[in-house]
Amino acid sequence: MAELSALFHGFAVALSPLNVALMFLGILLGVVIGVLPGLGGANGIAILLPLTFSMPPTSAIIMLSCIYWGALFGGAITSVLFNIPGEPWSVATTFDGYPMAQQGRAGEALTGAFTSSFIGALFAVIIFTFLAPLVAGFALQFGPPEFFSVYLLTFCSFVGLGRGSPFKIVAAMMIGFALAAVGIDTVTGQLRLTFGFAEMMRGFDFLVAVIGLFGIGEILQSMEEGLAFQGKSAKINPRVVLETWAKLPRYWASSFRACLIGCAMGIVPGGATPASFMSYGVAKRVSRDGNKFGAGQLEGVVAPETAAHAAGTSALLPMLTLGVPGSPTAAVLLGGLLIWGLQPGPLLFVEQKDFVWGLIASMYLGNIAGLIVVLTCVPFFAAILRVPFSIIAPIIIVICSIGAYTVHNAMMDIWLMLLFGVVGYTFKKLDYPLAPLVLALVLGDRAEDSFRQSMLMSQGDVRIFFSNVLVGGITTLALVLLLWPLLVRVLPRTRQPQPG
Amino acid sequence: MSDGVQSERGLSTRTVEIVVAATVFMLGAVVVFDSFRLGARWASDGPEAGYFPFYIGVIICGCAAMVLLHAIVGKHAGPPVFVAWGALKRVMQVLVPAAVYVLGIQVIGIYLAGAAYIAVFMYWLGRYSMLVAVLVGVSVMTFFFLMFEVWFKVPLYKGLLDPLGFLGY
């Protein structure tokens, strides 16, 4: 049980007074970010990243990951009270959460949501503790072709799991790759796609893109939908909490299924949103009260929230073990790792034990801290949303511009942020997904490097991606996912197709 | 808001879809063109600098062409109106001042431009009194000034004119 002793060592790291204080600060900031329109997990962390440059990496990652947990919790508050899903994976929570709030059962819905989020996260962290070292150990044997096939799988799974037009998904992804290619080529040192502009040499930083796409884009969308938020009031007192907790064990089966769905889907990129919908759908089909779903069933809140949090937590597993983030927020955390001088990937588990196990321990503690904070401070957080939009909106735009500037101390980035904001607004309305764009922008250079290294190894023969069982298996799976939308359309109910 | 609901007319989704797909196509074409200029072949020392982006550009063009084709001939499933005129006006009410604000940053720096932007936004769109608006704007930016310049020692952009230069930060 090497993991357990490592974990206890991690607890010792995470429980220093500074780290505990940062944990609570992170949760508070995270919930505020999750509640405010225009700020979410991804761009909130992107904006706060520069403030952590001077911190020790372990403290910094603890604070930032706690912001992430906080933002996940915050999404439930807006979904239940305001019928506004803060993040795509909170959409399923609104189905039963908002009707419950309308019936005056907001406290029950929120307690149920928070508690099941906590259970989902806890389940995922336990899996994480034992699975992550295994995956990392396995990945130590990876060479460039294996890494490229994992990147390929990451990107193809967006196509396979995505709901919109596959062409739009691929287009958005490739735009991300193209933006990543701007600047100095890492192999030959030539300038690419700069067209003689010195400002373009630095390339596009994905943090600026994240702040613009998600921050400014969301403000524009909120503005389009009008300024008023119609919220239900929420009171959580200990009696409601205890009564709800007494009810929750009844839904253990739903909760357990949701945990499994969440963990399995979360490891796959872009998996949290399908996981929450899938979990809601399965619970609705299996439950005895399935026909009452949508009218305010506590089980209808438990199922998607548990799955979303389990998925959100396990999304960090590929980020930490392989260096492949599963969501924009995980990508921003990965960016943080790089800035603090840590190389994400399997070697992290060998060389930076304090960091890795401190982070894993903080996942346990951060979620406990999160549950305490959200259960006690809900009225305060709900009050934030009642601050008029005409005050919030300009302040958030100012915060975004500060965040974009501090990434590289470049004025040009503020203009880019504004441009990305317009792109984000338009793309979101036309169903071009933003997550693959951001992930491609983050991983573009490394995917290209591993591709070119593989090509050098094989002298330009693409068969290297099928040269052994492991790499061949991953590549085949990636191609199946890539062609999935086509296969579903062309070959309905036939035998398992063989991709070329 | 009521005027957004009443006016069903607006920018059609098909138009926006076509314009966006055409723009994406051109972006892809630019990538293909520049990669080709750099060399997208296999040199003696391995793939050239434009090798990878060249194919990226080709895929962008292909996907954009398919989306364009769908938008022109296919049946569109989504809402026919991309954004109603009233809603577009509200979006512009945020976007245009935001652009002016960024221009302001360039000249007078983040702090003064930010205070002015918050104040004008509140006064104009929020219908607050000038006094309240200015007070909120100035206090928010004072807080940010203390946070970034004093506590965290992260200098922000002071603008070409640097009107706050007398503070010594």
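Author: In the interface between the two chains, 48 residues of chain A are in contact with 51 residues of chain B, contact requiring C-beta atoms, placed from the backbone, to lie within 7 Å. The model is predicted: local features need pLDDT of at least 70, side-chain atom pairs count only at pLDDT 80 or more, and totals for chains, interfaces and linings use all residues. Residues are numbered from 1 along each chain as its sequence is written, while chains are lettered from A and ligands numbered from 1 in the order in which they are written.

On the side of chain A that touches chain B, the elements giving two or more residues are helices H8 (166-181), H9, H18 (389-408), H19 (411-429) and H20 (434-458) of chain A; helices are DSSP runs (H or I, at least four residues), numbered from the N terminus. H18(A) supplies the largest share, 11 residues. By class, this side has 32 nonpolar, nine polar and seven charged residues (Ala, Val, Leu, Ile, Met, Phe, Trp, Tyr, Cys and Pro count as nonpolar, Asp, Glu, Lys and Arg as charged, and the others, Gly among them, as polar).

H9 (residues 206-224) of chain A packs against H4 (residues 85-124) of chain B at an angle of about 140°, with axes 8 Å apart; axes are lines fitted to C-alpha atoms over the stretch in contact, and angles run from 0 to 180 degrees between N-to-C directions. H9(A) and H4(B) are therefore oblique to each other, as angles under 35 degrees count as roughly parallel, over 145 as roughly antiparallel, 65 to 115 as roughly perpendicular and the rest as oblique. Ile219(A), Leu220(A), Met223(A) and Glu224(A) of H9(A) meet Ala87(B), Arg90(B), Val91(B), Val94(B) and Leu95(B) of H4(B). This contact has seven nonpolar, no polar and two charged residues.
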